[in-house]
Amino acid sequence: DWALSGSQLLILDQNLSTVYALGANDKKSAILAAGEDLKGGQKIAVGPPAGGAAAYVLAEKGIVEINLKVKSLKVKIPKDSAWGEIADMEIFGDNLYLLDKNGEIWKYPAAAEGFGPKQRWLKEKIDLSQAAAMVIDGSVWVLKNNGEILKLVQGQKADFRIKGLSKSLSSPKALLADSDSESLYLLDTGNSRIVVLKKTGEYDREYLWSGIKDATDLAVFEKDSQLFLLSGSQVFQVNIK
């Protein structure tokens, strides 16, 4: 898994319990953190304070904080027995969110020393058993394995439908959205493509390449017209328009 931090990609090596930093422009890499606390790491997110001075890894012990300035590790949120199968983790507005396939999005609000007690964010029952990924730009977007995308606002479903696709999504793995962009980027591995949608649901464009079928995540730097794909132990760069 990986996360964006400024012009760097923070890459979680799940097998080696290590987090690397890769410069998107200079392509230089360095080890940020490694150790027993990162064992069983599944997801990584960059979070508060503003500016990405910390990263968080969902690991066996719980949520582990990596202080990016001094490279220290600390279990910030111990593993909770209320968690089910966590499909994704995101940080938005200094709050931490966990996407639980058991039908909940857990919110950990920002607090003086990190995060406060967990809260149930959903205000209605929503089937998340097929949830694959989550991204937050003010709204919460959830991608399902069957290609459905849920738009959630203040804990409830909002109207969203995909329109204009020539082929339905097949085995989608990841999506991207941020508050500075009007686009949704989807990693559609079954069709070996990146699909770009408007946030109103209309098809915009797509990028086709056979190697996309093996990718597991993507990152986009729109201002630099660059897209990066994570595929096993390799990172691919695609120039986009």
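Reader: Is F221 buried or exposed?
Author: F221 counts as buried because its relative accessibility is 8%. Buried means under 20% relative accessible area, exposed over 50%, and partly exposed in between, with a 1.4 Å probe and protein chains only.

Reader: Which ring does F221 pair with, and what is the geometry?
Author: The ring of F221 pairs with that of F228; the centres are 5.7 Å apart and the planes stand at 85°, so the pair is edge-to-face. Rings of Phe, Tyr and Trp (its six-membered ring) pair if their centres lie within 6.5 Å; planes under 30 degrees apart count as stacked, over 60 as edge-to-face and the rest as tilted. F228 has a relative accessible area of 2%, so F228 is buried.

Reader: What are the numbering and the confidence limits here?
Author: The model is predicted: local features need pLDDT of at least 70, side-chain atom pairs count only at pLDDT 80 or more, and totals for chains, interfaces and linings use all residues. Residues are numbered from 1 along each chain as its sequence is written, and side-chain values use heavy atoms, with hydrogens and water left out.

Reader: How many aromatic pairs are there in the whole structure?
Author: A search of the whole structure gives four aromatic pairs. One of them joins W141 and F160, edge-to-face, at 5.1 Å centre to centre with 85° between the planes. This pair links distant parts of the chain, 19 residues apart: W141 is in strand β16 (residues 140-144), and F160 is in the loop between β18 (156-158) and β19 (172-176). Both W141 and F160 are buried.

Reader: Turning to S192, where is it?
Author: S192 sits in the loop between β20 (183-188) and β21 (193-198). S192 counts as buried because its relative accessibility is 17%.

Reader: And which residues does S192 touch?
Author: Leaving out residues up to four places away in sequence, S192 touches Y207, L208, W209, S210, I212 and K213. A contact means heavy atoms within 4.5 Å.

Reader: How many helices and strands does the protein have?
Author: The protein has zero helices and 25 strands. Helices (H or I, at least four residues) and strands (E, at least two) are DSSP runs, numbered from the N terminus.

Reader: Lastly, what share of the residues is buried?
Author: Of the 241 residues of the protein, 51% count as buried. The C-alpha atoms fill a box of roughly 45 × 45 × 30 Å along the principal axes.
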